[in-house]
Amino acid sequence: MTTAAIDPELLQRGGLALDVDGPRATITLARPEALNAQTPHTWEALRAIGESLPGDVRVVVVRGAGRAFSAGLDKRFFAAAEVDGQPGITGIAALPDEEADATIAAFQAGFSWLRDPARLTVAAVHGHAIGAGFQLALACDLRIVADDVQFCMAETTLGIVPDLGGTYPLVHAVGYARAVEICLSGRRVGADEAVAIGLALRAVPTAEFDGAVDAGVASLLAAPPKAAAETLRLLAGVAEGTDPAAALAAERAAQLRRLRSLAAGEG
């Protein structure tokens with residue numbers, strides 16, 4: 001395995017590890033002693049990873065080390081205006097509107113690239129995925145979960161709102177009514193329910209989790225790269241609300257590109 005061209009100190013500050021193995025990249029939340037709690041440095045490092053991944057990476061897996069995926073935002077940021085040179089919640093509140101908006105937008109950028117149809121993203125989720133952890137899992141195209149998973153959108157019960165891009169994919173995954181209930185109640189969603197309501201693709205026993213993730217990624221890499229990329233863009237367009245006529249036109253254009261590429265021997 002190799003590491004993409006990214007500052008290792010930035011990865012360390014963000015509590016992340018990155019491995020690139022051919023068409024697969026694995027991002028690991030690597031603060032197990034803190035249940036992989038996230039900080040603004042985490043989001044800065046995630047954004048940098050998205051900007052630096054090699055073009056031949058087709059699948060990105062996001063996972064957590066230790067006994068949890070991520071317990072959410074590091075609790076220090078709820079109590080202090082600044083932590084490790086990064087603004088806490090009260091610090092952001094004190095900023096002028098434009099600066100506060102830009103600050104949160106920069107945080108969101110660490111998650112939003114995971115929804116770019118240029119590559120497929122898979123969240124491998126076990127244990128707690130709370131708040132920012134839940135939103136990070138939601139940022140990925142697919143979620144494979146262990147049977148001990150506990151999703152929780154805790155922000156609203158703490159007096160704030162989900163602001164890392166989690167509301168849009170949550171509504172798309174489970175529908176408006178369920179999203180309302182999950183966010184406002186702050187309750188835990190386990191593995192069986194997550195699969196039943198469309199939040200997770202599949203749930204597997206914890207002992208089989210790593211193998212199931214690897215097998216799932218292998219199956220997603222089985223299709224020819226260019227055909228897979230075109231198909232992913234088509235499906236992403238429909239998910240974003242492309243109307244039926246535009247979807248048909250997009251299919252025609254994509255197929256024509258593929259046929260001409262195949263005819264030219266480009267694969």
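I began with E98, which sits in helix α5 (residues 97–112); helices here are DSSP runs of H or I, at least four residues, numbered from the N terminus. E98 counts as exposed because its relative accessibility is 70% (buried is under 20%, exposed over 50%, partly exposed in between, with a 1.4 Å probe and protein chains only).

I noted the basis: this is a predicted model, where local features need pLDDT of at least 70, side-chain atom pairs count only at pLDDT 80 or more, and totals for chains, interfaces and linings use all residues. Residues are numbered from 1 along each chain as its sequence is written, and side-chain values use heavy atoms, without hydrogens and water.

I found E98 in a surface patch of negative charge together with D97, E99 and D101. Patch residues have over 30% relative accessible area and no salt bridge, with like charges joined within 9 Å and nonpolar side chains (Val, Leu, Ile, Met, Phe, Trp, Tyr) within 5 Å. A salt bridge needs a side-chain nitrogen of Lys or Arg within 4 Å of a carboxyl oxygen of Asp or Glu.

I then looked up the nonpolar patch: V171, Y176, V180 and L184 make about 400 Å². Helix α8 (residues 176–185) gives its largest share, three residues. V171 lies in helix α7 (residues 167–174) and is partly exposed, at 35% relative accessibility.

Last, I checked A249, in helix α12 (residues 244–263). A249 is partly exposed at 30%. From A249 to P162 I logged 87 residues in sequence and 35 Å in space, C-alpha to C-alpha.

Notes: Accessible areas come from the Shrake-Rupley method with a 1.4 Å probe; for residues, only the protein chains shown count as cover. Lys and Arg count as positive and Asp and Glu as negative; His and the chain ends are not counted. The place of a charge is taken as NZ of Lys, CZ of Arg, CG of Asp or CD of Glu. Helices (H or I, at least four residues) and strands (E, at least two) are DSSP runs, numbered from the N terminus.
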